[in-house]
Amino acid sequence: MNLGAHISIAGGLWRALIRGKKLGCDAVQIFLRNQVRWDFPPLEESQIALFDRAWKETGIKQVIAHSSYLINLASPDAKLWKRSIDASVEEIKRCSRLGIPYWIVHCGSHGGMGVRWGIRRCSSAIAEIIDETQDTSTIILLENTAGQGSAIGSSLEEILDLFDSVKNTERLGICFDTCHLFAAGYRLDHKGWDRIFKAIDSIVGLAKLKVFHLNDSKMPFNSKVDRHEHIGRGFIGTEPFRVILSNEIFEDMPMIIETPKEGDMDMENLKVLRSLF
């Protein structure tokens, strides 16, 4: 399997690859910059060269980028919405320069304006982002949410509605987070996964599912609360992860843990997952 973790970029983007290699990652997920600040320090050619060399030397199969948490593509605040679009465009262009194929983003929060309004707002932002990055091949992956607050994208219907609302979906895909699915009210046993996969396949095609975030949940089923836990130590348990890992369809798909950063737990979580197939 193509297993990995979200890795710190402290000291330089390239250092995430070195850290990932030490953990035994096949894939790594990174932020492209300080994810709690809007400003973008320039991406120098020397940084790109270091990143490229580290990628080759470590043998990491795939690198995935996650958007800044500041970005809200469904914001009712015009200034924040535009700022989010501009930041997204810049991050995707950085992905292109670094050779990163996938950029993951949350669908955003409607701030009390309603789900339908939020979906229209988010789809409009995505359409603009795709248009402004048409010279890149980086695919935008919409990540499902737990349903907390006014966040959109917690149901398959909402994610699929976003696809329907965006005319050009060639560079649009999906990232499934197991903790978010569970917290949003989706059963993750064999029958549950089968229903999820059939729903996606019947409308946008299962090929649109590009990445998994494998996280257990600190909170019970249908809690609508996003709290990640170590694999097998939360309310999800290990069996739902075995179902995914044993499915040949996802054999080469990147599967990233975003579990709490505690001691050597990244290595332990990856070990647990590898024991399931």
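In the predicted model, Arg-97 and Glu-45 form a salt bridge through their side chains, with an N to O distance of 2.8 Å. This pair connects distant parts of the chain, as Arg-97 belongs to helix H3 (residues 78–98) and Glu-45 to helix H2 (residues 45–58), 52 residues apart. Arg-97 is partly exposed, its relative accessible area being 41%, whereas Glu-45 is exposed at 56%.

Helix H2 also holds both partners of another pair, Asp-52 and Lys-56, which are four residues apart, about one turn of the helix. The closest N and O atoms of this salt bridge are 3.2 Å apart. Asp-52 is partly exposed, with 35% relative accessibility, and Lys-56 is exposed, with 63%.

A salt bridge of 2.7 Å (N to O) joins the side chains of Asp-161 and Arg-116. Here too distant parts of the chain are linked: Asp-161 lies in helix H5 (residues 156–165) and Arg-116 in helix H4 (residues 115–132), 45 residues apart. Both residues are partly exposed, Asp-161 at 23% and Arg-116 at 48%. In the whole structure, twelve salt bridges are found.

The chain contains nine helices and ten strands. The C-alpha trace spans about 45 × 45 × 30 Å along its principal axes. Of the 277 residues, 55% are buried. Among contacts between residues at least 6 apart in sequence, 76% join residues at least 24 apart.

Terms used
Residues are numbered from 1 along each chain as its sequence is written. This is a predicted model: local features need pLDDT of at least 70, side-chain atom pairs count only at pLDDT 80 or more; totals for chains, interfaces and linings use all residues. Side-chain values use heavy atoms; hydrogens and water are left out. Helices (H or I, at least four residues) and strands (E, at least two) are DSSP runs, numbered from the N terminus. Buried means under 20% relative accessible area, exposed over 50%, partly exposed in between (1.4 Å probe, protein chains only). Contact means heavy atoms within 4.5 Å. A salt bridge is a side-chain nitrogen of Lys or Arg within 4 Å of a carboxyl oxygen of Asp or Glu.
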